[in-house]
Amino acid sequence: MLPDPDLTEAQLADLVDRFYANVRKDPLIGGLFETVIGDWPQHLGKLTAFWSSVMLGTGRYHGRPMVAHARLADRITPEMFARWLAIWGETTQTLFPPPVATRLQDKAARIAESLQLGLRFHADLSGKAAS
């Protein structure tokens, strides 16, 4: 992946900080994040590394997002993904010129779709195992 020439690490860190400040205040998804995240500074650093890897190709992120989300599969709804994407869209539009915001939004939409498919697959496997 080629790094996005219009983004920097500092901009991504600011985006992650502002985005999750908005997420934490949101009535639909904020509560889930507040109950799951114990160490916000550590989590924000991990998410900044994730977006750095995704958008800049740095390879700084070494986590397993599907595993982390699968643990919460019974609590995450499609409406929550839609709200997450809406807040992401609002935040990126505020911070970046339209072409950069669009690239960030497109990437987030693909990530959300992948996570949702993975969670559905996980739920299907769990349901079959319980039968």
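**Aromatic pairs and a helix crossing**

Phe50 has a relative accessibility of 15%, and under 20% means buried, so Phe50 counts as buried. The model described here is predicted.

Aromatic rings come next. A pair of aromatic rings is described by two values, the distance of the centres and the angle of the planes. The count comes to nine aromatic pairs in this model. One of the pairs is formed by Tyr20 and Trp40. Their ring centres lie 6.1 Å apart. The planes make an angle of 45°, and the pair is tilted. Tyr20 belongs to helix H1, residues 9-25, while Trp40 belongs to helix H3, residues 40-56. The pair therefore ties together parts that are 20 residues apart in sequence. Both Tyr20 and Trp40 are buried.

Phe50 forms an aromatic pair with Tyr61. Here the centres are 5.2 Å apart, with 90° between the planes. This pair is edge-to-face. Phe50 lies in helix H3, and Tyr61 lies in the loop between H3 and helix H4 (65-70). Parts that are 11 residues apart in sequence are therefore tied together by this pair. Tyr20, Trp40, Phe50 and Tyr61 are among the members of one aromatic cluster. The cluster also includes Phe19, Phe33, Trp51, Trp84 and Trp88.

The crossing of H1 past H3 is right-handed. On the H1 side, the contact is made by Glu9, Leu12, Ala13, Val16, Asp17, Tyr20 and Arg24. On the H3 side, Trp40, Leu44, Leu47, Thr48, Trp51, Ser52, Met55 and Leu56 take part. By class, this contact of H1 with H3 has 10 nonpolar, two polar and three charged residues.

Leaving aside neighbours within four places in sequence, Ile29 is in contact with Val23, Met80, Arg83, Trp84 and Ile87. Trp84 is also a member of the aromatic cluster. Ile29 and Asp14 are 15 residues apart along the chain, and their C-alpha atoms are separated by 20 Å.

Terms used: Residues numbered from 1 in each chain as written. Predicted model: local features only at pLDDT ≥ 70, side-chain atom pairs only at ≥ 80, totals over all residues. Heavy atoms only, no water. Phe/Tyr/Trp six-rings, centres within 6.5 Å; stacked < 30°, edge-to-face > 60°. Helix = DSSP H or I, 4+ residues; strand = E, 2+ residues; numbered from the N terminus. Buried < 20%, exposed > 50% of the residue type's maximum accessible area, 1.4 Å probe, protein only. Left-handed = near helix turned anticlockwise from the far one by under 90°. Contact = heavy atoms within 4.5 Å. Nonpolar A, V, L, I, M, F, W, Y, C, P; charged D, E, K, R; others polar.
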